[in-house]
Amino acid sequence: MKMKSYLFIVTFCVFLNVSYVHSLIEGLYCGVENCYDVLGVTRESSRSAIGKAYRVLAKKYHPDVQGPEVTKEEAEKNFRRIATAYEILSDNASREDYDYMVDNPEEMYMHYYRYYRRRTAPNVDIRLILAVCVTIISGIQYYTAWERYDTAIKYLTTVQKYRIHALEIAKKEGLFNENTSKKVKDKSKEKEEKEQIIRKVIEEKMDIRGGYSKPDWKQILWFQLIILPYTIYQYVRWYIIWVYKFDIRKEEYGEEEKLYLIKKNLKLSQLEFDALEDHTREEYLELELWIKSNAVDWKAEKEEDLKRELSQSARHKAYRRYMKKGTSRLTFDDS
């Protein structure tokens, strides 16, 4: 009696499991039908043979050519079966997943994962996505550079030193002659034209370096990626020449090499180094900051000078007193 009960339970569990598997497989690929059988081909059939079989069946079972004995719903359902089978078998990756499911029916959860992963994955080439991303980044980069440049120009037009220099250049080149010869009644318009001339002189006649220099399209990401192989070649070539000239042959550094070592020793970025005035570079050369020990001593001396200036600053002294007291609340009372 116990044996019969045990066999009944096992049989019932197997039945439930088989039904569960079939209920899952029902929603995958061609359902309970074999995709190869739907198109009348075999697993050994080539892609061209599958396409040929699909075209024949599609022409034969298209809903528009079915007779009155077949309802529209039945014709559309049959045509979808054929189209679904062709869609699965015509794609190599999808066909590979389907064959794996047929050969390994016990891995039902893996079949669901592989099926829906492929169906929900975007059908866009990853190269196109990367190209669009690089284009967007390049556009933002170029726009931001122009914004920084415009901010720098607006700021320089408010600095007295640059305004005076720009006015001298404008007067020297006679840029105000045409405006002054005309009797301009509108003072605001006259002032606006004067500001435009000052801005134009600063843009065209004065050297703005560093991070606020005029944007160059050659610095955007797209162009840099295109010339990346050439950039790598140039760096490797430069490095080999440097080692040969200065490490092996022990030649003396030229001015260009000294400036490179100064930038490296002072840990300046290329933008920061480009922003240095000519007299500042000459001062660094006179101090021989291309020698690392000199650069270290110079930086330490500058840091000491900065600390000394801060210690003598009234604002810094007030801040130190505030921090020493450990006050946890700020007040805006000036009394």
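Predicted model: local features only at pLDDT ≥ 70, side-chain atom pairs only at ≥ 80, totals over all residues.
Biologist: Thanks! Is Trp-238 buried, partly exposed or exposed?

Modeller: Trp-238 is one of the patch residues, and it lies in helix α12. Buried would need under 20% relative accessible area and exposed over 50%. The relative accessible area of Trp-238 is 31%, so Trp-238 is partly exposed.

Biologist: Let's step back to the whole protein. What percentage of its residues are buried?

Modeller: The protein has 17 helices and zero strands. Its accessible surface comes to about 26000 Å², and carbon and sulfur atoms account for 57% of that. Of the 335 residues, the buried ones make up 24%.

Biologist: How are helix α4 and helix α5 oriented, roughly parallel or roughly perpendicular?

Modeller: Two packed helices are described by the angle between their axes and the distance between the axes. Here the axes of α4 (residues 72-90) and α5 (residues 92-103) come within 5 Å and cross at roughly 100°. The contact involves Ile-88, Leu-89 and Ser-90 from α4, and Asn-92, Ser-94, Arg-95 and Tyr-98 from α5. Angles of 65 to 115 degrees count as roughly perpendicular, so the orientation of α4 to α5 is roughly perpendicular.

Biologist: Now some charged pairs. Which residue forms a salt bridge with Arg-81?

Modeller: Side chains of opposite charge can pair when their charged atoms come close. Arg-81 sits in helix α4, and its partner is 48 residues away, in the loop between α1 (2-25) and α2 (35-39). The closest N and O atoms are 2.8 Å apart, and the partner is Glu-33.

Biologist: Why are Asp-305 and Arg-308 separated by about one helical turn?

Modeller: These two form a salt bridge, with 2.8 Å between the closest N and O atoms. Asp-305 is partly exposed at 26% relative accessibility, and Arg-308 is partly exposed at 44%. They are about one helical turn apart because both lie in helix α16 (residues 292-312), with a spacing of three residues.

Biologist: How many salt bridges does the structure hold?

Modeller: Besides those pairs, Glu-251 and Arg-249 meet in a salt bridge at 3.4 Å, N to O. There is also a network of salt bridges linking Arg-43, Asp-99 and Asp-103. The number of salt bridges in the structure is eight.

Biologist: Is Arg-163 buried or exposed?

Modeller: Arg-163 is found in helix α8 (residues 160-172). Leaving out residues up to four places away in sequence, Arg-163 touches Leu-156, Thr-157, Thr-158, Glu-195 and Ile-198. Its relative accessibility is 16%, so Arg-163 counts as buried.

Definitions and conventions:
Residues numbered from 1 in each chain as written. Heavy atoms only, no water. Patch = residues over 30% accessible without salt bridge, like charges linked within 9 Å, V, L, I, M, F, W, Y side chains within 5 Å. Areas by Shrake-Rupley, 256 points an atom, 1.4 Å probe, with all protein chains shown as cover. Salt bridge = Lys/Arg side-chain N within 4 Å of Asp/Glu carboxyl O. Helix = DSSP H or I, 4+ residues; strand = E, 2+ residues; numbered from the N terminus. Buried < 20%, exposed > 50% of the residue type's maximum accessible area, 1.4 Å probe, protein only. Axes fitted to C-alpha atoms, helices over the stretch in contact; angles between N-to-C directions. Parallel < 35°, antiparallel > 145°, perpendicular 65-115°, else oblique. Contact = heavy atoms within 4.5 Å.
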